[in-house]
Amino acid sequence: MTAWTAHVTVATVVEKNGKFLFVEEHTEGVIHTVFNQPAGHVEAGETIVEAAIRETIEETGYQVNVTDLIGIYTYTPPMFPDRTYFRFCLRA
C-alpha cells in the first residue's frame, strides 16, 4: 500500500485595472492551449505567501504583493486516489 501524501500548491489571481494575468500552458499529449493563473508547488521551508510570490515571478516575471486569501481547495485525481492536492488561492 502506498503512503498517503499531501501536496500543497498555490495559485495567484492578479488583477489590475480590470485585467487578469494568466500564463499560457501546453501539456504534453494535449492538443489545446490552457490559460491558468500563475501556480505551483510550495517548496520546503517556504510560506504559502512566499510560494505564491515566487511562482508568479518565475512564471510571469511580475513582482506582486499578496493581499488576500481567496480560498483553500482540495483535489484528488481519479487516476491517483492516494494523492491529494491542497491549493491555496491568493489575490495579488
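**Strand pairing and the rest**

Mentor: Start in the sheet region: Leu-69 has Leu-90 as its bridge partner in S8. This is a predicted model, where local features need pLDDT of at least 70, side-chain atom pairs count only at pLDDT 80 or more, and totals for chains, interfaces and linings use all residues. Residues are numbered from 1 along each chain as its sequence is written, and side-chain values use heavy atoms, with hydrogens and water left out.

Trainee: In what sense do S7 and S8 pair?
Mentor: Antiparallel, over seven bridges. Two strands pair if DSSP finds at least two bridges between them.

Trainee: And how many helices and strands are in the chain?
Mentor: One helix and eight strands. The order from the N terminus is β-β-β-β-β-β-α-β-β. Both kinds of element are DSSP runs, numbered from the N terminus: helices are H or I with at least four residues, strands are E with at least two.

Trainee: What does S1 pair with in the parallel sense?
Mentor: S8. Strand S1 covers residues 5–13, and nine bridges link S1 and S8. Thr-9 stands opposite Arg-87 in S8. Val-10 has Phe-88 as its bridge partner there.

Trainee: How many bridges join S1 to S6?
Mentor: Three, and those two strands run antiparallel. Val-10 turns up again, standing opposite Gly-40 in S6.

Trainee: Switching topic. How much space lies in the largest pocket?
Mentor: About 220 Å³. The search uses a 1 Å grid over the protein atoms alone, and a pocket is an open set of points where a 1.4 Å probe fits, with protein on both sides within 12 Å along at least five of seven lines. Lining residues have an atom within 4 Å of a point. Grid points are joined across faces, edges and corners, and the volume is the space filled by probe spheres set on the points.

Trainee: Which residues line the largest pocket?
Mentor: Among them are Thr-9, Gly-40, Tyr-73, Tyr-85 and Arg-87. Strands S6 (39–41), S7 (68–75) and S8 (83–91) each give two or more residues to the lining.

Trainee: Now Glu-55. Is it buried or exposed?
Mentor: Glu-55 is buried, at 8% relative accessible area. Buried means under 20%, exposed over 50%, partly exposed in between, with a 1.4 Å probe and protein chains only. Glu-55 is in helix H1, residues 48–60.

Trainee: What is Glu-55 in contact with, leaving aside neighbours within four places in sequence?
Mentor: Val-10, Pro-38, Ala-39, Gly-40 and His-41. Contact means heavy atoms within 4.5 Å.

Trainee: Last topic, Asn-17. Where is it?
Mentor: In the loop between strand S2 (15–16) and strand S3 (19–20). Asn-17 counts as exposed, at 71% relative accessibility. Its phi is positive, about 55°, although Asn-17 is not a glycine.

Trainee: And what share of the chain is buried?
Mentor: Buried residues make up 25% of the 92 residues.
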